[in-house]
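Subject: Structure for your files

Hello,

Here is the structure I said I would pass on. My notes on it follow below.

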Amino acid sequence: MITEQLVDLSRLQFALTAMYHYLFVPLTLGLSFLLVIMEGCYVATGREIYRDMTRFWGKLFGINFAMGVATGITMEFQFGTNWAYYSHYVGDIFGAPLAIEGLMAFFLESTFIGLFFFGWKRLSKGGHLAATFLMALGSNLSALWILIANAWMQYPAGSAFSDLTMRMEMTDFWAVVTSPWAQAKFMHTINAGYMTGAVFVCAISAWYLLRGRHTELAHRSLRIGSTFGLIVTLCTFWMGDQSAYLVAQNQPEKLASMEAMWETHEAPAPLSLFALPDEEAQLNRAEIGIPGLLGLMGTRSLDEQLPGIRDLIARNEQRIRTGQQAVSLLEQLRQDPANDELRDRFNAVKSELGYGLLLRRYTDKVSDATPEQISQAARSTIPAVVPMYWSFRLMIGAGCLCLLAFILGSWYGIRGSIPCRSCVLLFIVCCLPLPWIACEIGWFVTEYGRQPWSIYGILPVHLSVSGLSVGDLVGSLSGFIGLYTLLLIAEIWLMIRTVRRGPSDGGPAPQPASATQPASAPQPAPGTAASDR
């Protein structure tokens, strides 16, 4: 059997590389269409300030894009190095959207990012705007195909297991692409990325206004960023609700863990606002909730129940027993592939084959699994409640603070001055890390909540890994941590250096005016309060 240490190290390595990589992805997505909006304003009005905005934020986009590419390339290689059986078992399906992403979206994005940076003097205004739009489109198409692949891991539509090849095979490519999970995951993820880009623009713009630097550019950037951010944050919340509905329908174990819902409540189930989950006793202490709200969100009805953890364990134990039969029949079928009667019996229970494979974590002989091993496998289908419960609430809290920042920023951008505006600007600056926190935690909830599956209901994680040694993984993990940490430090240093220099290509940044400056000193930008300088 595969050792637990090998599985844990393989999971840790992929989780760390993915989370490092995802520090760069949402900002790339978010800035891409903000650049299109800013340059669109330049083309529409002819005002140079919008051109300066596009070029300045474009520099930060370019730095982030380069780091994202550097950290992302290695992730796909890990499917072959660290997850060889996964690649063998589902590679024909999972590899298709990844191949399309590389051949279509990544090359589109990479080509037009060159035109964006080097085409200012070579292309017309409209031509350069088209290049910027296609660059942004490439970024979003890249996310689309990757998220289609990830959504299939969550909800394996358009595929079936073949007892002839002993692998999952694609039966309907269109079903994979148009899966409701793919649509919801794409919209939720890109809107979260747009939100990240908007917070980034707003926070730096607010910092400039507090320092009295580049006030016209900062004011206009704040207005565009906060308005854009307000819209996409509302879309993020809306698509998050749709994602929660899909989780309730297709991954009830994840929802029960997120809500620390030990028992099946009468419909409609309450939404937990605060609780202290006790996993050992399987109960919540000091619980506060909103009656009926979770049932409405998770079922869109008043009379449909959402199962609790205890009922899910009991249900999954029965599915594991059926899967145990499927594994036994499949072993017999491999010895006698011409036996149609045996194949019919296998096909009748084939849908539960993955649940039978969960037993391989506890025994090499699935058909001889003991009741205790079956019970262990059933309990393993429930993700750890405490990290899921609090991670989900921290993600929502970070998103709500970002929404507040966008509301205040929009109000400030429209009016030009509001009471205690310095406090408002400082609050917006302090919100800078929040979207990254929300994005990283969101992926933790998504991926950790799918455990113990690599492909939900199909392939357990402990069967997916390669036959590497623990030493191999420790060495590569150490190397990745060291390299990615250096890249992250380089990204932060370059970003800070570029922000401090400001939008000017050379020379010192404008200094804040003092009360004793002569009358010929530069005046504040229109619509900007004098105290912002």
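A160 stands opposite E169 in β2, and S159 faces M170 in that strand. Strands here are DSSP runs of E with at least two residues, helices are DSSP runs of H or I with at least four residues, and both are numbered from the N terminus. β1 (residues 159-162) and β2 (residues 167-170) run antiparallel and are joined by four bridges; two strands count as paired if DSSP finds at least two bridges between them. The hairpin has four residues between the strands, and one of them, M166, takes a positive phi near 60 degrees.

Please keep in mind that this is a predicted model, in which local features need pLDDT of at least 70 and side-chain atom pairs count only at pLDDT 80 or more, while totals for chains, interfaces and linings use all residues. Residues are numbered from 1 along each chain as its sequence is written, and side-chain values use heavy atoms, with hydrogens and water left out.

The chain as a whole

The secondary structure comes to 18 helices and six strands. The C-alpha atoms fill a box of roughly 95 × 55 × 40 Å along the principal axes.

Buried residues make up 51% of the 533, where buried means under 20% relative accessible area, exposed over 50%, and partly exposed in between (1.4 Å probe, protein chains only). Of the contacts with a separation of 6 or more, 79% are between residues 24 or more positions apart; a contact means heavy atoms within 4.5 Å.

The chain has 37 positive and 41 negative side chains, and the centres of the two sets lie 14 Å apart. Lys and Arg count as positive and Asp and Glu as negative, without His and the chain ends, and each charge is placed at NZ of Lys, CZ of Arg, CG of Asp or CD of Glu.

Helices α14 and α11

In α14 (residues 371-380), the buried residues are Q373, I374, S375, A377, A378 and S380. They pack against α11 (309-335). N316 is found in α11 and is buried, with a relative accessible area of 0%. Leaving aside neighbours within four places in sequence, N316 is in contact with E253, Y355, A378 and T381.

Backbone points to check by eye

Most residues other than glycine have a negative phi, and most peptide bonds are trans. Two cis bonds are listed here. The peptide bond from A267 to P268 is cis, with omega near -5 degrees, and P268 sits in the loop between α9 (252-258) and β3 (271-278). Q451 and P452 are also joined by a cis bond, with omega about 10 degrees; P452 lies in the loop between α17 (434-448) and β5 (453-455).

As for positive phi, H214 has a value near 45 degrees. H214 is in the loop between α7 (180-211) and α8 (215-250), and counts as buried because its relative accessibility is 10%. Q282, in the loop between β3 and β4 (283-290), has a phi near 55 degrees. Q282 counts as partly exposed, at 25% relative accessibility.

Regards
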